Amino acid sequence: MYGGESAKIYHAQHTARGKDYRAEAEVVAGEIRKRCPEAGSVLDVACGTGGHLGAFQDLIGHVEGVDLSEPMLAIARAGHPDVPLHLGDMRSFDLGRTFDAVTCLFASIGYVASEAELHQAVRCLAGHVVPGGVVVVEPWWFPETYLDRWVSGDVVEHEGTTIARVAHTVREGDASVMDVHYLLASAASGVRHVHEVHRAMLFTAAQYEAAFREAGLEPEHVPGVQSGRGLFVGVTPPSSASAAEFKSGHPGSGTAKNQTCLGERS
Ligand SMILES: C[S@@+](CC[C@H](N)C(=O)[O-])C[C@H]1O[C@@H](n2cnc3c(N)ncnc32)[C@H](O)[C@@H]1O
């Protein structure tokens, strides 16, 4: 889906369009800090070409990334040689360590193929968070906010290549299927055509929330932000030992948050 050529086009497109990764990361870091003020580490799952990584380094501190596509990671590595980046599948990866926060942004979660896989992925994200840490997921559109038969298009120029993109999205059952056509023109190569198909699940808010709850996270939907799709944010229980105290509102020593969410851990 994000092979070598698609990764390069993705990066060129979003760079030339000026996607504001910094502003998005500020929103996400703000939601993390509201729930875990001392957060010092973040794992960005489905990090792609790494657009959010630099901003997370500034805003949170230690950052790592995971993605299923090696060509996407190669571009992220070139831009962020100091960030540990791992090839992995959001439904099954295991880094053997936890972070204060785990994010999955730009609707990447929509690439799972079923509700069962949504549950697997959210469990996997939650499994990489410290007790009292935060999971942030940017959903794809909900069935009621998705616009069927949507046509989009633009033309951008990046490093000597002009890229024209048109896309048409149709609903197939509980998924959207986006047909994307690119024309790439450069002095050296002339004009080439590239075709991609992106299938993304149209989960309901209730389905996202159920996946969060099943993974032990209490979900909150933050509406309006990130292109209007909002964010789902959930906090893991402070720790198995202190969860009962936390639930009863009587943490033993200090608040649940400062017992558990303290910064980078290995
Ligand atoms: C729309 S891009 C978003 C990339 C990045 N988060 C951004 O904001 O630019 C979707 C990304 O999800 C990744 N992806 C899709 N399915 C995945 C999976 N099962 N596990 C990990 N990454 C996946 C793709 O390789 C791609 O990099």
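In the predicted model, an open sheet of 4 strands has its members in the order E6-E7-E8-E9, with antiparallel pairing, where two strands are taken to pair if DSSP finds at least two bridges between them. Helices (H or I, at least four residues) and strands (E, at least two) are DSSP runs, numbered from the N terminus. The edges of this sheet are formed by strand E6 (150–158) and strand E9 (190–201), each of which pairs on one side only. Neighbouring strands of the sheet are turned by 15° against each other on average, direction ignored; axes are lines fitted to C-alpha atoms, for helices over the stretch in contact, and angles run from 0 to 180 degrees between N-to-C directions. The model is a predicted one, in which local features need pLDDT of at least 70 and side-chain atom pairs count only at pLDDT 80 or more, whereas totals for chains, interfaces and linings use all residues. Residues are numbered from 1 along each chain as its sequence is written.

Within this sheet, strand E8 (residues 175–186) and E9 pair in the antiparallel sense over 12 bridges, and the two strands form a hairpin with 3 residues between them. Ser 176 stands opposite Ala 200 in E9, while Leu 184 has Arg 192 of E9 as its bridge partner. Helix H1 (residues 4–17) lies across E6, strand E7 (161–172), E8 and E9, and runs at about 85° to E6.

H1 also packs with helix H4 (residues 70–79), at an angle of about 45° and with the axes 8 Å apart. H1 is therefore oblique to H4, given that angles under 35 degrees count as roughly parallel, over 145 as roughly antiparallel, 65 to 115 as roughly perpendicular and the rest as oblique. The crossing of H1 past H4 is right-handed, the convention being that a crossing is left-handed if the near helix is turned anticlockwise from the far one by less than a right angle, and right-handed if clockwise. Gly 4, Ala 7 and His 11 of H1 meet Pro 71, Met 72 and Ile 75 of H4, with residues in contact if their C-beta atoms, placed from the backbone, lie within 7 Å. By class, this contact of H1 with H4 has 4 nonpolar, 2 polar and no charged residues (Ala, Val, Leu, Ile, Met, Phe, Trp, Tyr, Cys and Pro count as nonpolar, Asp, Glu, Lys and Arg as charged, and the others, Gly among them, as polar).

A further open sheet is formed by 7 strands in the order E3-E2-E1-E4-E5-E11-E10, and its pairing is mixed. Strand E3 (85–87) and strand E10 (218–224) are its edge strands, each pairing on one side only, and the twist averages 20° from one strand to the next. Strand E1 (residues 41–45) pairs with strand E4 (residues 99–104) in the parallel sense over 4 bridges; the bridge partner of Leu 43 in E4 is Val 102. Helix H6 lies across strand E5 (129–137), E10 and strand E11 (228–235), running at about 145° to E10.

The axes of helix H5 (residues 115–126) and helix H6 (residues 205–214) come within 9 Å and cross at roughly 45°, and H5 and H6 are therefore oblique to each other. Their crossing is right-handed. The contact is made by Glu 115, Leu 118, His 119 and Val 122 of H5 together with Gln 207, Ala 211, Phe 212 and Glu 214 of H6; by class, it has 4 nonpolar, 2 polar and 2 charged residues.

The ligand is surrounded by 17 residues, the closest being Ala 46, Gly 48, Ser 69, Phe 106 and Ser 108, where a residue is near a molecule if its C-beta atom, placed from the backbone, lies within 6 Å of it. By class, the shell around the ligand has 9 nonpolar, 5 polar and 3 charged residues.

Definitions and conventions: Two residues are in contact if their C-beta atoms, placed from the backbone, lie within 7 Å.
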